[in-house]
Amino acid sequence: MGGRQGLGAEIFQLLLGVNQSAYWVGDGHRRRPDAPQTVRREAEDTLHTMSSLKTLSLTERDHQREIKAKGHPYWTSKRDGEVHLRQEDAFTSQAPITVHDMVMNTAIKYANYIALGSKHRNGWHLLTYIEYYEECRRAAKAFLKLGLERFHSVGIMGLNSEEWAIASIGAIMAGGFSVGILSTSSPKACQVIAESSEMDIFVVDNDRQLQKIIQIQGSLKHLKAIVQYKEEIRTWLQNLYSWRGFLDLADGISENTLDQVIDSQKPNQCCALVYSLSVTGPPEGHDAQPRQHHLDHGGHGPEAVLQVPPGGAGDPSELPPSQLHGGPALRHVGLHLCRRSPLLRPAGCSEGLPDRHAAGGEAHPVPRRPVGLGQIAGQPEDRPALVDPVPEEDGPVGHVAGTQDKQEADVQTHSPLCFSLAKRLTFNRARRFLGLHHCRQYFNLGLGLSRATLDYFLSLNMPIFELYGLSESTGIHTLSRQQDFRLLSCGKSLPNTHTKTQKHNEEGIGDIYIWGRNIFMGYLNDEENTQEKIDAHGWLHTGDLGFLDTDEFLYVVGNARDIITLSSGERINPNPIEERVKRYIPIVRYVVLVGQDAPYLCALLTLKCQVNTDTGEPRNALTSEAVAFCRQLRSQSTRLSDIVYDGDPVVLEFISQGIDAANAEVPSDSAKIIKWTILRTDFSMVGGELGATTKLKRAMVARMYQAEIERLYEEADDED
């Protein structure tokens with residue numbers, strides 16, 4: 001299986017499609033009509049010459065690197081640290097390489113293929129791999145001219161654009177770190193990130209982001225320059241450059257100077273810092289290193305990431321690449337594995353993409369309506385409903401994305417006549433209505449989708465392939481696909497990676513450990529937490545709970561941090577119990593089990609309330625779904641207060657029966673919910689109960705509703 005065939009290409013499509021940072025066009029063979037053939041030939045000759053020079057010493061250099069790496073463990077917490085590369089049997093024929101070498105090799109192999117494209121007001125701007133590589137080198141020289149120091153960082157804050165990608169790779173080529181910063185980050189968050197990463201240069205997309213940096217630049221001792229790559233510069237600063245002015249600085253640095261910097265880099269050193277979302281404290285960051293791992297035969301991806309200690313507070317971002325955990329790492333995987341061209345377009349762009357079926361290699365727009373979570377979860381008011389909306393009890397649908405792929409499943413079978421009719425009359429219309437008619441596969445990465453949501457899309461012939469990964473694994477570690485799919489499973493481990501579970505309980509649930517070159521380097525400046533996360537054999541302790549079936553499919557059922565330990569010492573995983581309660585009580589949106597060090601479990605319930613679209617705050621009014629359900633119970637309640645304050649007996653009795661039904665399915669009496677209460681508000685990000693990705697903050701909920709929890713156990717004491 002080569003780098004351009006089979007699973008390798010699917011992985012690249014997956015990495016870009018799931019995170020919504022790229023779009024596909026063409027079959028990789030289209031050429032730019034406006035690029036002179038002579039320029040391409042000259043660039044190809046130059047790259048081939050450079051490759052030959054580097055190949056002469058490649059074997060000896062890799063041997064020396066391996067010898068030096070032998071003295072290092074699998075982890076490090078230092079920005080200039082080196083780690084031991086995994087050289088086991090799976091990797092004997094796959095020597096790790098640096099990011100620069102991988103980009104250069106790709107440019108040589110796919111010289112005139114489209115590498116990158118971005119949507120502008122006047123049309124698409126496309127770059128071939130040679131042009132892409134040259135632009136990255138120019139950016140690297142410009143960074144050196146601005147004074148970027150070795151193992152210092154370049155912060156990039158903005159939405160989708162080719163400049164983002166070029167700046168990221170250019171920073172790595174120049175010997176620095178690429179640091180993606182969420183576009184919604186506050187000035188204070190930017191300051192913390194800049195200080196911890198020793199940031200020399202900020203790259204921003206517009207004046208709004210620039211103003212954040214201006215507010216804090218006086219406190220940034222390492223800051224040397226700011227680059228703005230979108231919009232006209234409105235504010236004059238001595239150290240502020242436009243994108244074109246920035247690239248012009250490259251003329252002041254020789255090619256030989258850049259090559260010396262590139263040659264000093266090693267595959268077992270850090271290449272990027274990744275700041276991920278967390279609950280409290282300063283932003284949490286990881287360093288991703290430039291070494292590559294093989295996800296497929298002939299494919300190279302980033303081996304590891306260094307992270308700032310956990311416990312920090314990150315800011316949400318609606319668009320990658322800055323949102324992507326391990327983003328630089330995954331983009332490098334794409335550069336090597338790709339057989340199609342990634343296309344970037346600005347936020348809110350609703351125009352079509354170039355049609356990959358266009359004749360003569362020209363790009364023609366294909367109208368495509370942007371699909372958001374709201375459009376998937378509900379019906380637009382101005383259009384007739386073709387299918388029932390996703391059950392509201394499931395909340396946001398999650399990060400569901402599709403990838404276009406002309407290849408069908410490996411095994412072709414004849415569909416029954418009734419299925420063909422259903423596909424024509426229902427399934428195709430439903431896909432078009434949802435805006436997903438161009439998609440061939442659908443993936444979910446992040447918060448697990450409920451069984452009801454998975455069943456809903458499956459009923460429309462749209463199976464959602466679950467993925468599993470963390471920022472510490474620089475992206476995905478397991479994936480489901482057409483050939484390997486089981487409902488509720490996250491699929492199988494990527495090639496040359498491993499997954500195991502240990503410390504199983506009586507139900508066979510254990511701690512999930514993962515291994516491979518995709519594992520991060522460690523937490524920046526936090527040796528203690530790094531040692532706890534990565535053991536001596538290179539296994540990453542994920543903190544998640546799950547099990548593997550007989551065919552090595554992974555099922556994730558919770559996280560070790562969520563485990564509740566009762567006063568009896570029994571450990572309870574709350575996730576399956578909470579999901580069971582929501583299934584039996586459809587008007588409940590969130591269920592939070594409590595009972596740490598207590599004699600039994602209690603539950604906090606929230607009902608489905610409308611949300612103020614301007615503020616994000618939950619309203620007192622129940623959702624239309626909840627009101628309709630109350631009508632089925634013959635209750636007249638339309639507001640949360642009707643149930644909580646007025647004590648609607650019909651609804652309260654139904655909830656009590658639902659709790660009893662959920663208790664009937666638990667494996668032991670200790671896992672039963674003894675007491676419960678309905679909270680006076682629904683959870684929200686504004687309220688603090690939910691994180692930026694709508695993930696429940698259990699510790700925060702316990703603190704915020706401590707009085708309600710204490711009353712539950714006080715009532716029990718009074719009864720005793």
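**View 1. The β22-β23-β25-β26 sheet**. Five bridges join β22 to strand β23 (residues 510-515), and the two run antiparallel. Strands here are DSSP E runs of at least two residues, helices are H or I runs of at least four, and both are numbered from the N terminus. Two strands pair if DSSP finds at least two bridges between them. H498 stands opposite W515 in β23. The model is predicted: local features need pLDDT of at least 70, side-chain atom pairs count only at pLDDT 80 or more, and totals for chains, interfaces and linings use all residues. Residue numbers start from 1 along each chain as its sequence is written, and side-chain values use heavy atoms, without hydrogens or water. The sheet is open, has four strands and pairs antiparallel. Its edge strands, β22 (498-502) and β26, each pair on one side only. The twist averages 50° from one strand to the next. Angles run from 0 to 180 degrees between N-to-C directions; axes are lines fitted to C-alpha atoms, for helices over the stretch in contact.

**View 2. The salt bridge between R486 and D551**. The closest N and O atoms are 2.4 Å apart. R486 sits in the loop between β20 (475-479) and β21 (492-493), and D551 in the loop between β25 (540-548) and β26 (554-559), so the pair ties together parts 65 residues apart in sequence. The count comes to 22 salt bridges (a side-chain nitrogen of Lys or Arg within 4 Å of a carboxyl oxygen of Asp or Glu).

**View 3. The β29-β30-β33 sheet with helices α16 and α19**. This open sheet has three strands and mixed pairing. At its edges, β29 (588-594) and β33 (673-678) each pair on one side only. The twist averages 25° from one strand to the next. β29 pairs with β30 (residues 601-607) in the antiparallel sense over six bridges. Y590 has T606 in β30 as its bridge partner. Helix α16 (residues 574-584) packs on the sheet, touching β29, β30 and β33 (contact: heavy atoms within 4.5 Å). Its direction makes about 145° with that of β29. Helix α19 (residues 649-663) lies across β30 and β33, at about 145° to β33.

**View 4. Packing of helices α5 and α6**. Helix α5 (residues 129-146) meets helix α6 (residues 162-173) at about 60°, with their axes 7 Å apart. The contact includes Y132, Y133 and F143 of α5, and I166, I169 and M173 of α6. By class, it has 12 nonpolar, one polar and two charged residues. Ala, Val, Leu, Ile, Met, Phe, Trp, Tyr, Cys and Pro count as nonpolar, Asp, Glu, Lys and Arg as charged, and the others, Gly among them, as polar.
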